[in-house]
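Subject: Structure for you to look at

Hello,

Here is the structure I said I would pass on. Please open it first and then read the notes below it.

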Amino acid sequence: MLGRFDMPSLFKEGEIMIGGIFPVLNKEIGSISTFQQEPRGVNCAIFDLRAFRWTQVMIFAIEEINQDSALLPNISLGYRIQNSCSSPTNTLRAALTLASTAEKMKNNSFCPPKISAVIAEAGSTQSLAVAGILGPFLVPVVSYFSTCACLSNRDKYPSFFRTIPSDYFQAKALAALIRHFGWQWIGAIQSDNDYGRNGILAFTEEVKRFGVCVAFVGTVKRTYGLDKILKVVKMIKESTVKVIMAFTPEGDFSPLMREVLKQNITGIQWIASEAWITAPQPSTPEMYQAFGGSLGFVVQKMEIPNLKPFLTAINPYANPNAAFVKDFWEIMVGCRPVSPGMDTDTDTEASSKICNGNETLANSQDVFFDVTQLRVSYNVYKGVYAVARALHQLIFCKSDGESNMQPCLNISDIHPKQVTDQLQKVNFRNQFGDDVFFDENGDPPASYDLINWQLINGQVQHVTLGHFSSSVNGDHKLSIKEDEIVWRTGKMVPTALCSDICPVGTRKAQIKGKPTCCFDCIPCADGTIANTTGASDCTPCPQEYWSNERKNECVPKTIEFLTYHEPLGIAITVVSLLGALLSLATTVLFIHYRETPIIKASNTELSCFLLFSLFLCFLCPLTFIGRPTVLTCMLRHTAFGVTFAFCNSCVLGKTIVVVTAFKASVPGSKLAGKFGPAQQRIIVCSCTLIQILICVLWLKLNPPFPDMVFRYSNKKIVLECNPGSEAAFYSVLGYIGILAIICLALAFLARKLPDNFNEAKFITFSMLIFCAVWITFIPAYISSPGKFTVAVETFAILSSAFGLFVSIFAPKCYIILWKPEKNTKKHVMGKV
């Protein structure tokens, strides 16, 4: 109902036929077509020299095999090559034409055999159409340039094979390239087809594993209107990206390239997929202004011997009706060939020069004849040989080169399914040392060259500057001559960052609504550091360390404790020693004047005990100065507790003496004889012994120990003595307080004795000072930070000790030294 598929084709008879589909003629940009609209004349006017060379390589490979006595001996291969017009619709119709029942050829009653395999197609979308329509019939399809990873699905495409690696590997190669140069902020361009969409999807998934952000994904197609192309251009201009990866065929990318060149968009490092990095259409000196230095991966190049003479021998006069040759000749030679029997077009003849028939291609220097860097063409060559090897093993049941080449299978019995099954087993080394085999997905091994655009002698050339190889299990290796890239391009490889890498001492803070590669750099908080650039978080310093000003290194915290060298320590030492010297001096004075009335009235023995206890109390602050150790911590608290208990016990004894003396003066009292020197010693010793027992239990159960305190300051460690048991510490203080309160109460009762020298008044005053000092000590001790806690405690010790010393002994020393006339019994008794 749709009629015949009347597209140009190349044909040669053979005992075994191989089909081919190539985009030799491309659809004009802007033309729109559907399956129903294109039954016959499709508007395919753009001649693609590269695709035409692919057809010639297929023909060359078949001719070479036909002349090979080892491969398919005495069996001729034929071909039927169709044009696809780079259209999925036309590709599908071409595939149906190849797979359908053979028709009688013009001027020939011979019906050629059915197609055993198809070499197709360049575009992934077109190959999807071919593999989808021929797959259910298991007709083998071998692609030379379709890289979409979606074609590796053996359930959907059981008879699809290819001689070019899958985009699964190319995505890994491109991601490895991005990672190698440290690019983290890139853009992407995809073609609006299966090749572009699947390629970008695989690529973005791969680069995201390395922390790379894709700022935008623009979509292009050769049939798009200018408005859509300008939308992508605007996206590029408004973005801050300096690296853009384009996963498109050359035809789809060309409109965007022209617009980028027109708007003079430069300074961008373009990364190319294999579809356009070596394509001739964009590789022009004009395009080099915007796309110079482009990098991309392509399959490894290879040279095919004897191919150049075959290409230069193409002649429109040898076969006037051969498809595509007339267009090829006009492009290469610059004139329109006309000979008897050759179709002519009057419009074309009117505008084109007519050839004289003497033109030749033998000395042509066109890149078309350069067979030293064949890539896709070599894939076509390998595809034909892979089919031939499979056919050979089917027919002869042996590999080529083995003896006894007797057919074991008739040619007429060969079915496409058998060829498909045999292709899955193909594994051979051709005459160029290249392995050809397919894995379980119909894919070959992956190996790429890294290509760089260079302008040499006014022409864009593709220089190989690296290599990538990968395996199915994910192992890959990338090697790049980076210094040569810089040398050849004359510029450094650009940086590609949305935000500059955070310096040391800062961390990345994600900007709300932006990709992960866009961030602010926030200085690390105190106590945390970032000693590497680009840190995502700051690392806390150990407890004994603090961050430096740059927040890039942890430095030891300052150790703080009360030392002898600082002013506060010197002051405490001086005052402590002064008090101790005054105590000793007073003791000497009391012993020297022990027979005087004022000394006898104050109880010489208890006064000496009290002076000795005060001497020890004045020395106690010295244990609070210096670096805390286990010994000093145990000593400072227990010595303080015992000496002050001893001191208060002596005061208590003196108070009891005064009270009993008053009571003894009352008629009938017997207290005077019951509280003599022995009883006084017992009171002093027993009261002191209780404190000693408390301290022994404290040291035994939970003694004080040196401790590092971090709560006072973030930048320093305070070394202090931890009391160990808080209960024991406050028990010691409490016991001293009880003794002081008892002394105060008894002295208060005897404060109005009739003696002229009433010691009870001095004891009362001293106890008031003592209690006042230690009552204020507790809140000051709790609230004082660091080493000032120690200073407060030593201040309390010295203040209370000086209070006792001055209140009790200063008046006596004053009389002894400066008022000796008052040092008489009468004056002391108040009878003067």
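Start with helix H6 (residues 226–238), where Glu238 and Lys234 are four residues apart and so are separated by about one helical turn. Helices here are DSSP runs of H or I with at least four residues, strands are runs of E with at least two, and both are numbered from the N terminus. An α-helix has 3.6 residues a turn, so residues three or four places apart point the same way. The side chains of Glu238 and Lys234 form a salt bridge, at 3.9 Å from N to O. A salt bridge means a side-chain nitrogen of Lys or Arg within 4 Å of a carboxyl oxygen of Asp or Glu. Glu238 is exposed, at 59% relative accessible area. Exposed means over 50% relative accessible area, buried under 20%, and partly exposed in between, with a 1.4 Å probe and protein chains only.

Some ground rules before the rest. This is a predicted model, in which local features need pLDDT of at least 70 and side-chain atom pairs count only at pLDDT 80 or more, while totals for chains, interfaces and linings use all residues. Residues are numbered from 1 along each chain as its sequence is written, and side-chain values use heavy atoms, with hydrogens and water left out.

Other salt bridges

How many salt bridges does the structure hold? There are 14. One of them joins Glu206 and Lys172, whose closest N and O atoms are 3.5 Å apart. Glu206 belongs to helix H5 (residues 194–208) and Lys172 to helix H4 (residues 167–180), so this pair ties together parts that are 34 residues apart in sequence. Are these two residues buried or exposed? Glu206 is buried, at 11% relative accessible area, and Lys172 is also buried, at 9%. A network of salt bridges links Lys172, Glu206 and Arg209.

Arg336 and Glu330 form another salt bridge, at 2.7 Å from N to O. Arg336 is buried, with a relative accessible area of 6%, whereas Glu330 is partly exposed at 21%.

Helix H5

H5 has 15 residues and spans 21 Å from its first C-alpha to its last, close to the expected 21 Å at 1.5 Å a residue. The expected span is 1.5 Å times one less than the number of residues. The buried residues of H5 include Tyr195, Ile200, Phe203 and Glu206. Seen down the helix axis, the buried residues of H5 fall within an arc of 160°, so they line one face of the helix. That arc is taken over the directions from the helix axis to the C-beta atoms. Among the elements that cover these buried residues are H4, helix H3 (124–134) and strand S9 (185–191). At the N-terminal end, Asn193 caps H5, with a side-chain oxygen 3.3 Å from the backbone nitrogen of Tyr195. Such a polar contact is a pair of N or O atoms within 3.5 Å; within protein, one must be able to donate a hydrogen and the other to accept it, and residues adjacent in sequence count only if both atoms are side-chain atoms.

Around Ser143

Ser143 lies in strand S7 (residues 141–143) and is buried, at 1% relative accessibility. A polar atom of the Ser143 side chain lies 2.8 Å from the backbone oxygen of Glu121. Glu121 sits in the loop between strand S6 (115–119) and H3, and a cis peptide bond joins Ala120 to Glu121, with omega about -5°.

Two residues with positive phi

Leu138 is not a glycine, yet its phi is positive, at about 55°. Leu138 is in the loop between H3 and S7. Lys551 also has a positive phi, near 60°, and is found in the loop between strand S23 (545–547) and strand S24 (554–556).

Nonpolar cores

The largest nonpolar core has 71 residues, and those with the most contacts inside it include Phe22, Trp54, Leu77 and Phe328. Helix H12 (residues 376–396) gives the largest share of this core, 14 residues. Apart from it lies another core of 65 residues, among them Cys617 and Val773. A nonpolar core is a set of buried Ala, Val, Leu, Ile, Met, Phe, Trp, Tyr and Cys residues joined through side-chain atoms within 4.5 Å.

Regards

Key
Contact = heavy atoms within 4.5 Å.
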